[in-house]
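User: I have a protein model open and would like to go through it with you. Could you begin with the overall picture?

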Amino acid sequence: MTNLLAEVILLNPFPYYLDAVLAAEDDAITIINQDMEVIYWNEAAVKTYNIQQPDILNKPITDFFDNDNLMVLKVLHTMEPVNNAYHRPRRDKHVVVNAVPIMDNDSQLIGALSVERDITQIVKLNDNLETTSAELNELRQKVYTNHEESPFSKLKGNSLPLQQTIHIARKAAKTDATTLILGESGTGKEICARAIHEASNRNNGPFIPVNCGAIPSALFESELFGYEGGSFTGAEKKGKAGKIEMADGGTLFLDEVGELPLEMQVKLLRVLQENTLYRIGDSQGRQVDVRFIAATNQNLEQLMEEKIFRSDLFYRLNVIQLTMPPLRYRVDDIPELADMFLRHFSSHYQVPVPVIEKDAFQLLLQYNWPGNIRELRNLMERIVILTEKSKITKQDLINYLPNTSPIRTQTIIDANNSLPQEKEIIEKQLIEKILNQTNGNKSETAKRLGISRVTLYNKMKKYGIER
């Protein structure tokens, strides 16, 4: 947009229609001439900096801002454009800025233009979230210190796929090995990562979670690696530690690691290889002692083929690999999870615990749960809030489920069966389904089910499955 604006300005400084377009723009737009005088200041700039147009127009911009804190002046002096850069023109303002020099028809510099998007609230919210996360982490550690329960007890369920994942996670917790947790959204990847940290010898250190998909690209490097004081315009004088440095002595959890920008992947790889962190503006580096746990619901191997994710970083992260099984592979755990969530929300909202009737419970067992445990949790909360009855019927559940299309219609169960019989029928049908998908490959079937080949053979014999 900035290049187009500059080109139009060269042709005709401020026609009425262009003035209207610029005034309607949500981003603050500033134009200065070669004498550093403000010749345009739109309404968004007024709202962003609380400086009225009559007060600033035709006056030196340095009367209102520190000369060292203006990207538009830097562009005026260097004649080099700036794109999507983090900038702090005042101590109370954080912006993402695009700026370009403006040339006349003879390629002579006549001014500069900047477009600034105010991200102050985003930065403040992120700082508040960081503080709150640290406080919650301290409280969690106190709870585990005062209660003799395993950190893995929050991973509820006794199904074989889950227990095998927990078995590997317990082994991972005894080491500092980098761990990669795979799994669909809502399967409990962060809960597993926290459990590994709390069961490790680093449990007295911090657990710092970073959602790689929630950080603006312009802020990524400073948030992850930190910066030295005075390393860029608007930087804190004392500098600021990044998330990696904050995790020193503890664990850094990189959630949605597949969203890491490529340039950040290179820098992260260097930390993993050398245990040395380089803040922005720091050429010396500093040693860090951090255990890395990464998680993703994406196919990293496919991202590597598409050149979106670096293969060398993948192999550095993939020392120990865990897969959180989806809920549709953990049918045995649905009764325990549903009961736990119902009791939790009934206590929270101070209402009696509703009872799910057998035909309604059958629907829970048949549902595919695309949102996994998070979806089951939300459904139980919805039931507790909306129900006015003591018993929940099948029709009630259909009404509460936003979309019943993920029902496994091929699963037919006799309503007279007991719960153990129903589980066995579902388990048999699941084994047959995976065997069909793998063309009878028992090793691959056992891997997908999260069981050993011996267990698979025993179950096939038990259910009379011939392959």
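User: How many helices and strands are there in the secondary structure?
Analyst: The protein has 20 helices and 16 strands. Helices (H or I, at least four residues) and strands (E, at least two) are DSSP runs, numbered from the N terminus. This is a predicted model, in which local features need pLDDT of at least 70 and side-chain atom pairs count only at pLDDT 80 or more, while totals for chains, interfaces and linings use all residues. Residues are numbered from 1 along each chain as its sequence is written, and side-chain values use heavy atoms, with hydrogens and water left out.

User: What percentage of the residues count as buried?
Analyst: Of the 467 residues, 46% count as buried. Buried means under 20% relative accessible area, exposed over 50%, and partly exposed in between (1.4 Å probe, protein chains only).

User: Which residues of α8 are buried?
Analyst: They are Lys-189, Cys-192, Ala-193, Arg-194, Ala-195, Ile-196, His-197 and Glu-198. Eight of the ten residues of α8 (residues 189-198) are buried, so this helix is largely enclosed by the rest of the structure.

User: And which ones are buried in α11?
Analyst: In α11, the buried residues are Met-264, Gln-265, Leu-268, Leu-269, Val-271 and Leu-272. Seen down the axis of α11, they fall within an arc of 160°, so they line one face of the helix. The arc is that of the directions from the helix axis to the C-beta atoms.

User: What covers that face?
Analyst: The cover of the buried residues of α11 includes α9 (220-225), α10 (243-246), β10 (251-255), β11 (276-277), β13 (291-296) and α13 (311-317). Contact here means heavy atoms within 4.5 Å.

User: What follows α11?
Analyst: Asn-275 follows α11, and its phi is positive, near 55°. Most residues other than glycine have a negative phi.

User: Where is Ser-107, then?
Analyst: Ser-107 sits in the loop between β4 (93-103) and β5 (109-118). Its phi is positive as well, near 60°, and Ser-107 counts as exposed at 56% relative accessibility.

User: Is Gln-350 buried or exposed?
Analyst: Gln-350 is exposed, with a relative accessible area of 73%. Gln-350 lies in the loop between α14 (334-349) and β15 (355-356) and has a positive phi of about 55° although it is not a glycine.

User: Changing topic: how much space lies in the second largest pocket?
Analyst: About 950 Å³ lies in that pocket. Of the 30 residues that line it, the closest to its centre are Leu-182, Gln-321, Thr-323, Lys-447 and Arg-448. On a 1 Å grid over the protein atoms alone, a pocket is an open set of points with protein on both sides within 12 Å along at least five of seven lines, a cavity is a set where a 1.4 Å probe fits but cannot get out, and lining residues have an atom within 4 Å of a point. Grid points are joined across faces, edges and corners, and a volume is the space filled by probe spheres set on the points.

User: Which elements supply at least two residues of its lining?
Analyst: These are α7 (160-173), β6 (179-182), α12 (300-305), β14 (320-323), α18 (419-437) and α19 (442-449).

User: What does Pro-161 contact?
Analyst: Leaving aside neighbours within four places in sequence, Pro-161 is in contact with Pro-325, Tyr-329, Leu-449 and Gly-450. Pro-161 is found in helix α7 and counts as buried at 13% relative accessibility.

User: Lastly, how much space lies in the largest cavity?
Analyst: About 50 Å³ lies there. Its lining residues include Thr-30, Trp-41, Tyr-49 and Glu-116.
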